[in-house]
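Biologist: I would like to learn how to read a sheet and a pocket in a model. Can we go through one together?

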Amino acid sequence: MTASPPTGYDGPALTHLAADVPTDSDETLSVTAPFTGETINEVPACTSADVDTAAERARKAQESWSSQSVEERTATIERFVSLVEDARGDLLDLVQLESGKARYDALEEVLDVVSTATHYADRTAAYLSAERKTGVVPLLSQVRTHRDPYGVVGFITPWNYPLTLAVSDALPALLAGNAVLVKPAEQTPHTALFITRLLHEAGVPEDCFQVLPGEGERLGEPLIEAVDAISFTGSTAVGREVAAHAGRELVPASLELGGNGPMIVRADAPLGRTVTGAVRGGFASAGQLCIATERIYVHESRYDAFCDRLVERVRDLDLGVNFDYSTDVGSLISETHLSKVQSHVDDAVDAGATLLTGGRHRPDVGPLVYEPTVLTDVPDDTSVACEETFGPVVTVTPVEDDEDALARANDGPYGLHGSVWSGNDERGSDVARQLGCGTVCVNDAYISVWAATDAPMGGRNDSGIGRRHGDEGFEKYTETQSVAVQRGHPIAPPAGVPNRVVAGVLTAYLRVARAVGLR
């Protein structure tokens, strides 16, 4: 039995969105609203046969989509941006309804879609222009490199950012001329279905962007087998399975995986701004953010003052489950995830950690709300120190100097995102360069690098392979073809000329070319 959406929801009708699922299957997924813990809709669940059918339709649609001019595809995405801006209220409601996050956190998702679409629409023509390369013999050898779409690109997306991760990364794939199949998280299909309507209204052919709700264990492998490239965002454990299957199929894979974000607070860091950054980095989206701050390393001379200010700020955060901007921290996604977060905190406390604030489930606020939590004296072998908690929990540890902070921050398998806080930008940047993460912010939690759409973003080590944003975020959805045109005689020994003579000429030519900078 399903319940109505929570009070305050004013978004699209869920049953109408569910009607767009491309399947005749009688199986369904139950979608729960974290704000209430109640099932709010049953969405048809796709099967492996549905994946095959969708891929077949996508291939036919991709041919006409890719044959459009770059200007036509760009104009379509620009219309999509206008539709997103017009539908902002509906999108905010849907994101909150399915993920349980606070409204300001949902706004970041909407703004990200607009920013990403605008960035790539402005640059697609340049990305797809033929690029001249250096030929083996200047003037006689002409080489150009071209970029072509793969064909059909698959996306397996998580629940924590149901709008951003369902469409933002797919936009450059579309602009490059690909068709897209999205397998959204089971908890958040309606957001992806609604954004699909906006894309179709803007002019993207219906079969060129399709959403396939269903269980990951059931649809993951068929999707990888059906597409020409795959993008996955989620846990490291599942990412390894995706990579292994993609490798067997020789399908290119881009993977953004887990993190355990370090934050380094130097002795010269301005405490007011730094504490603000720690609060935002640790508790945005209730900590359910891959690039969230989880481990904070503070110079021992600032440790006590930092902890005092942090605890004061954290205790002032407003918890809530509503559809307005009054709430700072919303809900966790599920009972299972709530249990994980609680177990990490309990494990640390049982091992000797000190709980400065938080550490409690707050059913009086909402069924899945957990208090923002600050821990100190955390043993290095506890789960909260070693693993990704993915909740509103941060640990604070004193360090002797930058070297001590870096050694602790880099001690672990992850390398997604981190931050450095300093009153000296140059020294802060020097420390950032030694942090083993794919992205690092100096004097900001995460937005300054996440919103820099022109800069690549992704993880190192167990945090993934591949990049979103920047040139890499577009180029990964294309494959190159180099075309060389040779004027005059082919590069081969002329008839009647001994090979040893040609060998000598070629050797001499390469020496001269190196000397004058032609090679």
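**Reading the sheet and the pockets**

Modeller: This is a predicted model. Its open sheet has six strands, in the order 7-6-5-8-9-19, with mixed pairing. At the edges are strand 7 (209-211) and strand 19 (464-465), each of which pairs on one side only.

Biologist: How do strands of a sheet pair?

Modeller: Through backbone hydrogen bonds, either parallel or antiparallel. Here, strand 6 (residues 179-183) and strand 7 run parallel and are joined by three bridges. Val 180 is placed opposite Phe 209 of strand 7.

Biologist: Which strands does helix 2 lie across?

Modeller: Helix 2 (residues 48-67) lies across strand 5 (152-156), strand 6 and strand 7. Its angle to strand 6 is about 155°.

Biologist: What shows where empty space is left?

Modeller: Rolling a probe the size of a water molecule over the atoms does. In this model the largest pocket holds about 1,100 Å³ of space. It is lined by 38 residues, and Trp 159, Phe 232, Gly 234, Ser 235 and Val 238 are the closest to its centre.

Biologist: Which element supplies the largest share of that lining?

Modeller: Helix 10, with seven residues. By class, the lining of the largest pocket has 15 nonpolar, 14 polar and nine charged residues.

Biologist: What is the volume of the second largest pocket?

Modeller: About 350 Å³. Its lining consists of 17 residues, with Val 137, Pro 490, Ile 491, Ala 492 and Leu 506 nearest the centre. Helix 19 (residues 499-515) gives the largest share, five residues. The lining of this second pocket divides into 13 nonpolar, three polar and one charged.

Conventions. Residues numbered from 1 in each chain as written. Predicted model: local features only at pLDDT ≥ 70, side-chain atom pairs only at ≥ 80, totals over all residues. Heavy atoms only, no water. Pairing = 2+ DSSP bridges. Helix = DSSP H or I, 4+ residues; strand = E, 2+ residues; numbered from the N terminus. Contact = heavy atoms within 4.5 Å. Axes fitted to C-alpha atoms, helices over the stretch in contact; angles between N-to-C directions. 1 Å grid on protein atoms, 1.4 Å probe; cavity = no way out; pocket = protein on both sides within 12 Å on 5 of 7 lines; lining within 4 Å. Points joined across faces, edges and corners; volume = space filled by probe spheres on them. Nonpolar A, V, L, I, M, F, W, Y, C, P; charged D, E, K, R; others polar.
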